[in-house]
Amino acid sequence: MSTTNIRKHLLDNNFYTTDTLPPDQVFHSKISNIRKKLNIDRKKIGLREFEDIIVQFSEEPEDPNEPFIVTYLMEEDNTGRLRHSVMFSSRHLIQTYMKPEKNWLLSLDATYQTNAGDCPLIFFGSSTKSGKFNEIGAILSNREDKVAYDFLFDMVKDVAEPLPIASMADADKAMTASIRDKLPATTRLTCFFHMMKNVKQRLSKVSSLC
C-alpha cells in the first residue's frame, strides 16, 4: 500500500484528522521500523517454500475474520513457464460483501512494488453509492493478463449472490476482455480518476492544435 493510500485510510477511519496527520517521512520511518520488528524483508523464496505456505494457509479457519487462501492456481503455461495466482480473503468479508442480497459494484485495481518478485497484487472489493470501498480480498499473481483476471472472475461467478451489476477499474484491456467473457451481464465502468486523466490527455492534443 502506498503512503498516499495509508494516509487516506487513516483519515477515513478517524485515526487522525487533517491537523494531526503526520508527514510522509514519519510514515516511511514507522513502516520501516515495523518491518524490522516483524522481521519482514523483501527476500526471495523458493518454489517448494511457496507451495508449503499455500498449503499451510489454505485451510479455512474457524474464526470468520481470520484471512486464508480461498483458492489458488499454479500451473505451467504453454511456454513451460510457471504461472501462479493466490487469492486471500476471509469468510466474513466474502459473506458480507459478495452476498449482500442487493445490487453491488465490483471494484478492482492492481499495484506493483510490494514484493521481491515485483508480482502484481490485485485488490478487489465492493463500492457503495457514497464512494466507500469495502475491500474483499487480494490476489498475488505473477502475471497481469486475462488468465489472471479469469481466475478472479471465476471465483466471483461461483460465490457472489447476486453477481455484481457493474465493475469499476482502470482501462486495462486484459481485464476488460475477461469481464466480457466471464461476466457478460456486468456493466464495465472506468474509474473517475482514469477517465479524467484520459480527458486531459485528449484535450491537450486539441489545445496544441489551436
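This is a predicted model: local features need pLDDT of at least 70, side-chain atom pairs count only at pLDDT 80 or more; totals for chains, interfaces and linings use all residues.
Which residues touch the most other members of the largest nonpolar core?

The core in question has 23 residues, and the ones touching the most other members are Met98, Leu108, Phe124, Leu152 and Phe153. Where do the core residues come from? Strands S3 (105-111), S4 (121-127) and S5 (133-141) each give two or more, and so do helices H5 and H6 (173-182). The largest share is from H5, with 6 residues.

Now let's stay with H5, which covers residues 146-159, and look at Tyr149 and Phe153. They sit 4 residues apart in this helix, about one turn. The structure has 1 aromatic pair, and Tyr149 and Phe153 are the residues that form it. Their rings are stacked, with 6.4 Å from centre to centre and 20° between the planes. Are these two buried or exposed? Both are buried.

Last stop: the second largest pocket, which holds about 360 Å³ of space. Its lining is made of 14 residues, and nearest the centre you will find Asn103, Trp104, Ser127, Thr128 and Lys129. Helix H4 (91-97) and strand S4 each give two or more residues to that lining.

Methods: Residues are numbered from 1 along each chain as its sequence is written. Side-chain values use heavy atoms; hydrogens and water are left out. Rings of Phe, Tyr and Trp (its six-membered ring) pair if their centres lie within 6.5 Å; planes under 30 degrees apart count as stacked, over 60 as edge-to-face and the rest as tilted. Buried means under 20% relative accessible area, exposed over 50%, partly exposed in between (1.4 Å probe, protein chains only). A nonpolar core is a set of buried Ala, Val, Leu, Ile, Met, Phe, Trp, Tyr and Cys residues joined through side-chain atoms within 4.5 Å. On a 1 Å grid over the protein atoms alone, a cavity is a set of points where a 1.4 Å probe fits but cannot get out, and a pocket is an open set with protein on both sides within 12 Å along at least five of seven lines; lining residues have an atom within 4 Å of a point. Grid points are joined across faces, edges and corners, and a volume is the space filled by probe spheres set on the points.
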